[in-house]
Amino acid sequence: MPLLRNITSGLRSLFQKKQVDRELKEEFSGYLEIATQEKIKQGMNRRDALRSVRLEQGNFEVTREVVRLASWESLVESSWQDLRYAARQLRANLLFTAAAIFSLALGIGANTAIFQLLDAVLLRTLPVRNPQEIAKVAIDHRGSATGHFSTRYPDLTYAMWEQIRKQQQGFSEDAPVAAFNIVSPGYFETLQTRILSGRDFDDHDTPAAPKVAIMNEEFAKQYAKNANPVGMKFRVRRLQSTELYEIIGLVRNTKYTDLRENFGPIVYTVKAQFENPGTGAQILVRSHTGLVGLTAAIKNTVAGVNPNMDITFSSLRQTVEDSLLRDRLMARLSGFFAVLAVVLAVIGLYGVMSYMVAQRRSEIAIRMALGAEPASIIRLVMRESGRLLLVGMAIGVALALGGGRAAAAMLFGLKPGDPLTLGTALLSLSVVAALASLLPARRASHCDPMTALRNE
Amino acid sequence: MAEKPGDLVQGTLDMLILKTLALEPIHGYGIAVRLEQMSHGVFRVNAGSLFVALQRLQRAGLIKGEWKATENSRRAKYYSLTDPGRKRLTTERQEWGRQVAAIARILEAS
């Protein structure tokens, strides 16, 4: 209840200022009048009595200020005045204001970009478990007979793969489209892809046995309506056969061709059931002993079977790194420019801020000559710089969010508008801005007023 | 205790105003005069401090103000205690008594 009364009373004196003032004035002048009457009763003449009362009680303006300052709404009022003053000042120094705000905005934007890139490029780990243990062996040349095999993404796929596309002829509109993958038993174990339901391929899945397939989660989500697909049967139209495949397993989603892609539906079939699986193959090897000895051993064995066969090795980690090459290059480049931008912004901010303070030296000198304390001068300057900082920050944050979104589209794993990143950027630039106004303000407040005024 | 109300123990001005209003509603000048009389001229409150205190007490709901005619038919704002104000006065008096006694005990201890 008292709180409510306090608020309504405060609001009243904010919005009905004139009336509240009039009441206070009436009360005050009544007070003075009675006091004067008392003094006259005690034998003073009216003029002396008035004079004495005024000396004792002060004038109305002072009293009104004292009463007003004691209430919470005076804070609201003075903040509003501060804001209006700030706006006026910003208008008066339009060019410098623009320069300062632009520096701030640039700084915040660039700073944010740097932190985001650092986060994306340096701090991220590879999205594969124990990638150093996995190697990919690609057979790229099988002697003169078959020639070179290459896919659209030679680095990231490990086997011959095909995309089943919608074909206009005889395909219904909702014919499922999935990546089609021919693998051998143990494939999921090597890549440590978890089998969520059903089983892996095994040696019983021969050409004579019923055709079998394994689906990933995304396939189940899109075409089996999230139900467990194990046991369902389908046909592959692209193979132009009527043979039914039975789904025997459900595996976790994996990235198929690119780290940036979203998970897509994948169908895995077993190599043993394909008489002619194509001309190229990639073999994945996981070893706990390290790749160096292993590659030599594999090369020897392969040479023993067919000396004409060329094989190349690459570790999965290397493959992943290579696929991120463009991202990393982009990140380094924009990181470099962002550092440059921050340096420029810091220099600009410092220059503008300190120039603005330096311009006010004579004003500061007059204030000092009138008895202002150095501390209050510094407070004054800091408060005004603070306002500028706030405006610049608002614009800078908007820029950073916009720019971050654009960058996120180009780079893998970038989070636009990460609060920690933004906060760090804001904090570091605030420190710069504070220093840029504190140092000149200190200098100005410690110099001799007369020297400063004479230099004008 | 000094002459200026600013030197009053923090919060005592409010209590003293409540006390002067306990008997009957009076206007601002009346409060100042009564404080001065009752303290034998020790406390002199000027208009500024008094109005601040009155505003504070009003907002806290401890007193309320009403415009009335004075004896020589001028308009003046008369303040009176509300029920919460009366209760507050009682508790403040008790608390004050306790503190004064405690302070006295400390000062008299040898």
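The model is predicted. In it, 26 residues of chain A are in contact with 22 residues of chain B. The two chains bury about 2000 Å² between them, and helix α2 of chain A packs on the sheet of chain B.

**Interface between chain A and chain B**

- The size of an interface is often given as the accessible area lost when the parts come together.
- For chain A and chain B, 60% of the buried area of about 2000 Å² is on carbon and sulfur atoms.
- The rule finds six residue pairs in polar contact across this interface, counting pairs with both residues at pLDDT 80 or more.
- Four helices of chain A, namely α1 (2-15), α2 (17-41), α3 (46-57) and α4 (60-69), each supply at least two residues of the side that touches chain B.
- With eleven residues, α2(A) gives the most to that side.
- By residue class, the side of chain A that touches chain B has ten nonpolar, eight polar and eight charged residues.

**Sheet of chain B**

- Strands of a sheet pair through backbone hydrogen bonds, either parallel or antiparallel.
- In chain B, three strands form an open sheet in the order β1-β3-β2, and the pairing is antiparallel.
- The edge strands of this sheet are β1 (26-27) and β2 (63-69) of chain B, each of which pairs on one side only.
- Seven bridges join β2(B) to β3(B) (residues 75-81) in the antiparallel sense.
- Along this pairing, W67(B) stands opposite K77(B), and A69(B) stands opposite R75(B).
- The two strands β2(B) and β3(B) form a hairpin with five residues between them.
- In the turn of that hairpin, S73(B) has a positive phi of about 45°.

**Helix α2 of chain A against the sheet**

- β1, β2 and β3 of chain B are touched by α2(A).
- The direction of α2(A) makes about 95° with that of β3(B).

**Salt bridges**

- Over all chains, a search of the whole structure finds 19 salt bridges.
- Between chain A and chain B the count is two.
- E26(A) and R75(B) meet through their side chains in a salt bridge, at 2.9 Å from N to O.
- R75(B), the partner of E26(A), is also the residue in β3(B) that stands opposite A69(B).
- Within chain A, the side chains of R68(A) and D21(A) form a salt bridge at 3.4 Å, N to O.
- Because R68(A) lies in helix α4 and D21(A) in helix α2 of chain A, this pair ties together parts that are 47 residues apart in sequence.

Key
Residues are numbered from 1 along each chain as its sequence is written. Chains are lettered from A and ligands numbered from 1 in the order in which they are written. This is a predicted model: local features need pLDDT of at least 70, side-chain atom pairs count only at pLDDT 80 or more; totals for chains, interfaces and linings use all residues. Side-chain values use heavy atoms; hydrogens and water are left out. Contact means heavy atoms within 4.5 Å. Buried area is the accessible area (1.4 Å probe) that two parts lose on being put together, summed over both. A salt bridge is a side-chain nitrogen of Lys or Arg within 4 Å of a carboxyl oxygen of Asp or Glu. A polar contact is a pair of N or O atoms within 3.5 Å; within protein, one must be able to donate a hydrogen and the other to accept it, and residues adjacent in sequence count only if both atoms are side-chain atoms. Ala, Val, Leu, Ile, Met, Phe, Trp, Tyr, Cys and Pro count as nonpolar, Asp, Glu, Lys and Arg as charged, and the others, Gly among them, as polar. Two strands pair if DSSP finds at least two bridges between them. Axes are lines fitted to C-alpha atoms, for helices over the stretch in contact, and angles run from 0 to 180 degrees between N-to-C directions.
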